[in-house]
Amino acid sequence: MKRQIVVRKEASQRTCSSQIVRTVRYAECQKNHAANIGGYAVDGCREFMAAGEEGTGAAFSCAACGCHRNFHRREVETEVVCDSSSF
């Protein structure tokens, strides 16, 4: 289930510089370890933890379960931020 919420507040006859901020979080692992025998079993990893520094190949592997980051459920939070100091 994908859900994206954008909150916008419009000021009457005022202009503001707005910026879209997206926060990405990787949640529980959804890799099916029993797919080759026709079953369904997950390992119970609750959250993605990068195994290495950002920008390296190890940053895509989970330190807890060893799976690639793509097996973890992706959550995206989007916000529209308005800079009110320009009023």
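Is cysteine 45 buried or exposed, and what is its relative accessible area? Cysteine 45 is buried, at a relative accessible area of 8%. The points below set that residue in the rest of the model, which is predicted.

1. Overall make-up. The chain has two strands and zero helices. Strand 1 covers 17-29 and strand 2 covers 72-83, with a loop between them. Of the 87 residues, 13% count as buried. The chain exposes about 7,300 Å², and carbon and sulfur atoms supply 47% of that area. Among contacts with a separation of 6 or more, 54% come from residues 24 or more positions apart.

2. Core. The largest nonpolar core consists of six residues, namely Tyr26, Cys29, Cys45, Phe48, Cys62 and Cys67.

3. Cysteines. A search of the whole structure returns zero disulfides. For cysteine 29, the closest cysteine sulfur belongs to cysteine 67 and lies 3.7 Å away, which is too far for a bond. For cysteine 45, the closest is in cysteine 62, at 3.8 Å, again too far for a bond. The cut-off applied to such a pair of sulfur atoms is 2.5 Å.

4. Aromatic pair. The count of aromatic pairs is one. The ring centres of tyrosine 26 and phenylalanine 48 are 6.0 Å apart and the planes stand at 65°, so the pair is edge-to-face. Because tyrosine 26 lies in strand 1 and phenylalanine 48 in the loop between strand 1 and strand 2, the pair ties together parts 22 residues apart in sequence. Both tyrosine 26 and phenylalanine 48 are buried.

5. Surroundings of tyrosine 26. Leaving out residues up to four places away in sequence, tyrosine 26 touches Glu47, Phe48, Arg69, His72, Arg73 and Arg74.

6. Charge over a ring. Lysine 31 lies over the face of phenylalanine 71, at 5.1 Å from the ring centre.

7. Alanine 59. This residue sits in the loop between strand 1 and strand 2. Alanine 59 counts as buried because its relative accessibility is 9%, and the cut-off for buried is under 20%. Beyond its neighbours within four places in sequence, alanine 59 is in contact with Phe48, Ala50, Gly52, Glu53 and Glu54. Its C-alpha atom is separated by 8.5 Å from that of methionine 49, ten residues apart along the chain.

Notes. Residues are numbered from 1 along each chain as its sequence is written. This is a predicted model: local features need pLDDT of at least 70, side-chain atom pairs count only at pLDDT 80 or more; totals for chains, interfaces and linings use all residues. Side-chain values use heavy atoms; hydrogens and water are left out. Helices (H or I, at least four residues) and strands (E, at least two) are DSSP runs, numbered from the N terminus. Buried means under 20% relative accessible area, exposed over 50%, partly exposed in between (1.4 Å probe, protein chains only). Contact means heavy atoms within 4.5 Å. Accessible areas come from the Shrake-Rupley method with a 1.4 Å probe; for residues, only the protein chains shown count as cover. A nonpolar core is a set of buried Ala, Val, Leu, Ile, Met, Phe, Trp, Tyr and Cys residues joined through side-chain atoms within 4.5 Å. Rings of Phe, Tyr and Trp (its six-membered ring) pair if their centres lie within 6.5 Å; planes under 30 degrees apart count as stacked, over 60 as edge-to-face and the rest as tilted. A charge sits over a ring if NZ of Lys or CZ of Arg is within 6 Å of the ring centre and within 35 degrees of the ring normal.
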